[in-house]
Amino acid sequence: MLGWEYPPHVSGGLGTACRGLTVALAQQGVEIDFVLPKIYGEENAAHLRLVDAAAPELVARQGTGRLNFAQLGVEFHEVPALLAPYMNAEQYREVLHALETAMSTASTAASDHPIAKLKAALASASVAGLTPSGSALAALPITPDTGPSDVTPQFVPDQYAGDLFAEVERYASRLASGLSGDWQVIHAHDWMTFPAGIALAQRTGLPLVVHVHSLEQDRSGSGCDQRIVAIEHAGLWAASKVIAVSHYTRNMIHRLHGVPLEKIEVVHNGVSVPQAVEAYRKDAQWTGPVVLFLGRITLQKGPDYFVAAAARVAKLIDDAVFVMAGVGDMLPQVMAQVESLGLSSRFFFPGFLNAEEVERMYCLADVYVMPSVSEPFGITALEAMSYNKPVIVSRQSGVAELVRHALKVDFWDIDQLASQIVAVLRYPELRQAMIASAGDEVRRVHWDAAAQTVMGVYQGLSAGAGARVGDSPGGG
Amino acid sequence: MPAVCFYFQVHQPFRLRGYRAGDIGKDHDYFDEGQNAAILRKVVNKSYLPANRKMMDLIRRHPGQFRFAFSLSGVVVEQMHAYAPEALASFQELVATGAVEILGETYFHSLASLYEDEEFVLQVRAHSDFMQATFGVSPRVFRNTELIYDDRIAGLVKNMGFDALLAEGADDVLAGRSPNFVYQAPNNGLKILLKNYRLSDDVAFRFSNGAWPEYPLTADKYVNWLRRVEGAGDLVGLFMDYETFGEHQWAETGIFDFLDDLPGKLLRHKQWSFTTPSEAITRFKSAGVLSFPRTVSWADSERDVSAWRGNNMQQLALERLYALSDAVRRRDDPYLSDAWRRLQTSDHFYYMCTKWFADGDVHAYFSPYESPYEAFINAMNVIEDFQIAVLGVPREPLPIAS
């Protein structure tokens, strides 16, 4: 199995999903070699054999030869002049680190202000190598005594920069030349591992399964990086079988890449049910009910709709507090929106949260809102449910297909979203009814079910004709 | 000499429009006229009109022999007045044949019998008056919303002057006795006619179920089942929603052909007849006192009232609504009173039912909402507006989030 990240070092849902799925597969007797670009030594994964692609023996065997994407069937039709609207992984990590540092060192009242924290974080991030530019944040009408006002950095909307593509290529080269094992199936998670998957399948003749947790289209909308789209295309066509995390994603793969629907299996994600940690609530800093948004603050996730709905809720529930956890290219814009609505005192922007902070935040929340514009799955909704929180999800999310005990809303229907939030906060009877049934629902869609389906895919492959690598009709 | 006693329920609620928290205090128009008109016309065309034609045909083919009872809620008659007068006319023609009895119920198809005796009596009287005005007959036999019934309700119904009442033949209440007799309530002599739920549900729920071992159900087979009662009972109460014909069981299932066949095939057996409830209590002697110590209904496998107030959302909504009764009466405004009573229609609370599994599918089928939670939110928003903005009754302090 080829992965890109694994807990605790995760930047999104991919690593968490890989853990859930592999634990359940291992319980069904599947032996898994799980290859990562780098192993940090903190991974707790007794059910796997973790393989470090950066291990000296693999690096040595890679030699100086470089893998050519074209050999793998990847055709870059064009290199777009404009850039994908989010940070690359490296920048992301640096900002996170800086943000955490800034937050942990903030002590004065002034620097406690969320915008001050963000500015400080961004200032250090820029020192760490981010290019300061832009003016959106500078335009924020922040309180006068906060933060360094001479530095006004902004997330640079850089594309997945050369180093991420280089990392993808390096990962593929090392696996293609150096890795061997007694495998029956090669299972690759998301586009970063597709080139490696194709290369391994070519070399070994084994069937390739590509697992799509999200598509570039979902992440970036019309601002897609065409190189990523090309890699996705090659992987989807090289695969013997494709796994999609929802029917929504399955249809998207079919529509965008022409992959026949019968080749795409849907495996809904599930989340493990953690033991509820009510202790967190004891030292909560908020007295009023907490409305939680948790995810990247970017177009796809609908943060602006969340703020617009919150403005309506704030008028009806005097002490409601709105927490937007996460970072992303729209954070400055969203903060500006909050300021201009006069809601700064009701909003909190804790930045990126690590796994433990995420858990704490779920425990503190009274309702979890996921107003995504486009969401292939939306595992956070199930996570929130597993913490016994009532959940409101957009109909434009894959998870909406799956859960019944959540409120559903069209992301653009701000009045309806506000109405649902108000009702959940106002009526304990509603919260209790939703939670009582949602717990069962989360257990039902647990990873075991996902693993069963994946087993079915594997068995279908070993019973079938084996690898059909590279038989793409013109996709390259 | 056994008889079949058919009773068909005709009811459609005034459904609420989508009403959001932001509308509270600004908009006091609660009912979705467009949706209600569209649904009523659909049901009229698929069910009421073709079924009425069939009934008229059967009454003519079996003169003096084919007889049955309707119960029409006040709110469905109002809607027929407004959206489908031809359907109302066809019900009137059926009643005019003299072969059809009209039963009494609450005008608003409400749960008032569980909450306020005074309100319950008022709604039953309003219904009787409306039936008199619409059909020229005064109901003598009562059936409560969804056959909700217990010994306490028996007293209320008897005091209003009804001769008899229809109830569910629940196994635990009968405790081994047969549902196929007339019984009477303890202390007051009110006659009770019981639903034979197995034979009723064979038609209403199982008729088109291909997985049912008895599928397909023919009139011949059904007549054989009815004849098992010979010598062991006086009457078989076949009580069901009228929408069974054409709406719950589509015309394509053959339900109208079954209805067409059944009376003739049963009447071939000379000892059998059809009876209305009022006739039944004069023809058949009471088999004894039957006590209903618990509140029974005809809904779900539990045959209790949990479909309407089984969860906390339902209880809260009902309590909030009935807590307004004094304020509504003080205002004494016909429009406000009517709106408040339309909100009492049982359907609004049925939509909030969370018994998803087993019985849940039936609930989902009848609900205009995506989930019981949305049904609750919508109704609570309307009740909030009615309470705060219309009546000026302050809300209790917000509960603290837990």
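Axes here are lines fitted to C-alpha atoms, for helices over the stretch in contact, and angles run from 0 to 180 degrees between N-to-C directions. Helices (H or I, at least four residues) are DSSP runs, numbered from the N terminus. This is a predicted model, in which local features need pLDDT of at least 70, side-chain atom pairs count only at pLDDT 80 or more, and totals for chains, interfaces and linings use all residues. Residues are numbered from 1 along each chain as its sequence is written, while chains are lettered from A and ligands numbered from 1 in the order in which they are written.

In chain B, helix α9 (residues 219–227) packs against helix α10 (residues 255–267) at an angle of about 45°, their axes being 9 Å apart. That makes α9(B) oblique to α10(B) (angles under 35 degrees count as roughly parallel, over 145 as roughly antiparallel, 65 to 115 as roughly perpendicular and the rest as oblique). From α9(B), B:A219, B:D220, B:Y222, B:V223 and B:L226 meet B:F258, B:D261, B:L262, B:K265 and B:L266 of α10(B), contact meaning that C-beta atoms, placed from the backbone, lie within 7 Å.

Now to a second pair. Helix α13 (residues 312–322) of chain B and helix α18 (residues 372–390) of chain B have axes that come within 10 Å and cross at roughly 15°. The two helices, α13(B) and α18(B), are therefore roughly parallel to each other. On the α13(B) side, B:M313, B:A317, B:R320 and B:L321 meet B:F376, B:A379, B:M380 and B:I383 in α18(B).

Conventions: Two residues are in contact if their C-beta atoms, placed from the backbone, lie within 7 Å.
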